[in-house]
Amino acid sequence: MVCRRIEMGSVQEHHDEDQTGQAPRRRTIFLVEDEPQIRALIIRVLERAGFVVQSTDDPELALSVVSEEPGAIDLLLTDVLMPKMTGPTLVRALRQRVPDLLVLFMSGYAGDLETETLLLRDPLLRKPFVPKQLVEAVHDALGRRDGVSS
């Protein structure tokens with residue numbers, strides 16, 4: 001498995017192999033969350049659920065990384081409200097380059113009309129949530145590409 005954590009402009013990679021020496025194909029989630037404690041918790045929950053997680057607190061860096069490697073990301077999990085750029089703004093920019101990008105928004109705030117309009121296409125996970133809700137929401141979002149609905 002390759003796990004990259006992107007923090008403040010740097011990229012860290014971690015490699016794990018299974019007993020056969022082959023890295024199994026696991027779904028990759030790209031997390032964009034500006035709150036360090038929330039980001040760390042989400043990473044821990046998703047990794048325990050078997051996902052590869054790449055993360056950053058910087059939406060502009062996410063835009064660059066996901067644009068460079070669009071096929072490497074199975075799902076973008078992004079906060080709606082962040083200091084540098086909103087989640088919907090990030091998604092609009094990314095979808096110009098990666099039109100079929102799967103997205104799961106998360107937010108602890110009531111959305112405005114622009115956000116609600118964009119969210120009609122993509123699911124929203126309301127904060128606070130428990131680990132089980134997070135994992136279920138990620139599976140549901142990934143199921144949209146696989147043609148599975150719950």
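**Close-up A. Helix α2 passes helix α3 in a right-handed crossing.** The model is a predicted one, in which local features need pLDDT of at least 70 and side-chain atom pairs count only at pLDDT 80 or more, while totals for chains, interfaces and linings use all residues. Residues are numbered from 1 along each chain as its sequence is written, and side-chain values use heavy atoms, with hydrogens and water left out. A crossing is called right-handed if the near helix is turned clockwise from the far one by less than a right angle, and left-handed if anticlockwise. Helices (H or I, at least four residues) and strands (E, at least two) are DSSP runs numbered from the N terminus. Helix α2 covers residues 59–68 and helix α3 residues 87–97, and the two pack at an angle of about 15° with their axes 10 Å apart; the axes are lines fitted to C-alpha atoms, for helices over the stretch in contact, and the angles run from 0 to 180 degrees between N-to-C directions. The pair is therefore roughly parallel, a label given to angles under 35 degrees, with over 145 counting as roughly antiparallel, 65 to 115 as roughly perpendicular and the rest as oblique.

**Close-up B. Residues of α2 and α3 meet where the two helices pack.** From α2, the residues P59, A62, L63, V66 and S67 take part, and they meet L90, A93, L94 and R97 of α3, where contact means heavy atoms within 4.5 Å. Sorted by class, this contact consists of seven nonpolar, one polar and one charged residues. In this sorting Ala, Val, Leu, Ile, Met, Phe, Trp, Tyr, Cys and Pro count as nonpolar, Asp, Glu, Lys and Arg as charged, and the others, Gly among them, as polar.

**Close-up C. The largest nonpolar core has 21 residues.** A nonpolar core is a set of buried Ala, Val, Leu, Ile, Met, Phe, Trp, Tyr and Cys residues joined through side-chain atoms within 4.5 Å, and buried means under 20% relative accessible area, with exposed over 50% and partly exposed in between (1.4 Å probe, protein chains only). L46, L77, L134 and V138 are the residues with the most contacts inside this core. Two or more residues each are given by β3 (28–32), α1 (36–48), β5 (75–79), β6 (103–107) and α5 (131–146), and the largest share, six residues, comes from α5. Setting aside residues up to four places away in sequence, L77 touches I29, F30, L31, V32, I42, L46, L104, M106 and L134. A second, separate core has 18 residues, among them F30, L63, I73 and L90.

**Close-up D. V45 of helix α1 is in contact with P131, L134 and V135.** V45 counts as buried because its relative accessibility is 14%. Although V45 and L134 are 89 residues apart along the chain, their C-alpha atoms are separated by 8.1 Å.

**Close-up E. V103 in strand β6 touches both T78 and R95.** The relative accessible area of V103 is 0%, so V103 is buried. Apart from residues up to four places away in sequence, V103 touches L75, L76, T78, V91, R95, D122, P123 and R144. T78 and P59 are 8.7 Å apart in space, C-alpha to C-alpha, and 19 residues apart in sequence. R95, placed in helix α3, counts as buried at 12% relative accessibility, and, not counting residues up to four places away in sequence, it touches L101, V103, R121 and D122.

**Close-up F. Two loop positions, D100 and P128.** D100 belongs to the loop between α3 and β6 and counts as exposed at 52% relative accessibility. Its C-alpha atom is 9.7 Å from that of P70, and the two residues are 30 apart in sequence. P128 lies in the loop between β7 (124–126) and α5, where K127 and P128 are joined by a cis peptide bond with omega of about -5°.
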